[in-house]
Amino acid sequence: MQASPVLLALALALVTPSLSAERKCVLTGSWMNDLGSNMTISTVNSRGEFSGSYLTAVTATNNKIKISPLQGSQQYRNQLNHPTFGFTVNWSFSDSITVFTGQCFVDKDGKEILKTMWLLRGTVDELDDDWKATRVGVNTFIRLPLRRE
Ligand SMILES: *[C@@H]1O[C@H](CO)[C@@H](O)[C@H](O)[C@H]1NC(C)=O
Ligand SMILES: *[C@@H]1O[C@H](CO)[C@@H](O)[C@H](O)[C@H]1NC(C)=O
């Protein structure tokens, strides 16, 4: 069969680009967003649960920023390459809570990117102030290079 090496090469040429486009986005690791805030996400367990830490670059309070814990879930249905996820940041230096939702993508250059939206709930002193207690925003995260220690 003289034709088979040619067919194989053709098949590889056809298959390779779609394989790189199908690269899986993995949440585990360290990320930085467009504001310079950083987070580290643990290994995602078999139930899709993860924990981590968040170091914000910005705050709506006058308190000194401290590293804060986060807990979340990623969607495992259909073994998605670009999974959706959500997590809560329990701010350790204020009374606020932030929830993020997002999706983990791989861009055209093969770089992982997290597109997220968040709601930040602050405390207000009375029910009448409830209307102004929630902020909303968007953040894009890129993977931080591994640090050598
Ligand atoms: C996030 O990490 C980058 C790169 O290591 C660093 O330059 C930046 O200061 C960090 N941001 C905060 C809020 O610590
Ligand atoms: C939430 O933050 C508080 C205050 O820093 C801390 O005591 C508590 O353990 C945190 N809870 C979780 C689930 O991380």
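Strand β5, residues 84-90, pairs with β6 in the antiparallel sense, over seven bridges. Pairing here takes at least two DSSP bridges between two strands. Strands are DSSP runs of E, at least two residues long, numbered from the N terminus. G86 stands opposite T101 in β6. Six residues lie between β5 and β6, and the two form a hairpin.

A word on the source. This is a predicted model: local features need pLDDT of at least 70, side-chain atom pairs count only at pLDDT 80 or more, and totals for chains, interfaces and linings use all residues. Residues are numbered from 1 along each chain as its sequence is written, chains are lettered from A and ligands numbered from 1 in the order written, and side-chain values use heavy atoms, without hydrogens or water.

Now the other neighbour. β6 and β7 also pair in the antiparallel sense, over 10 bridges. F100 stands opposite W118 in β7. This hairpin has five residues between its strands, and G110 in the turn has a positive phi of about 80 degrees.

Buried means under 20% relative accessible area, exposed over 50%, partly exposed in between, with a 1.4 Å probe and protein chains only.

On to β8. V136 lies in that strand. V136 counts as exposed because its relative accessibility is 55%.

Last, ligand 2. Around it are P69, N90 and S92 (a heavy atom within 4 Å). A polar side-chain atom of N90 lies 2.4 Å from an oxygen atom of ligand 2.

Key: Helices (H or I, at least four residues) and strands (E, at least two) are DSSP runs, numbered from the N terminus. A polar contact is a pair of N or O atoms within 3.5 Å; within protein, one must be able to donate a hydrogen and the other to accept it, and residues adjacent in sequence count only if both atoms are side-chain atoms.
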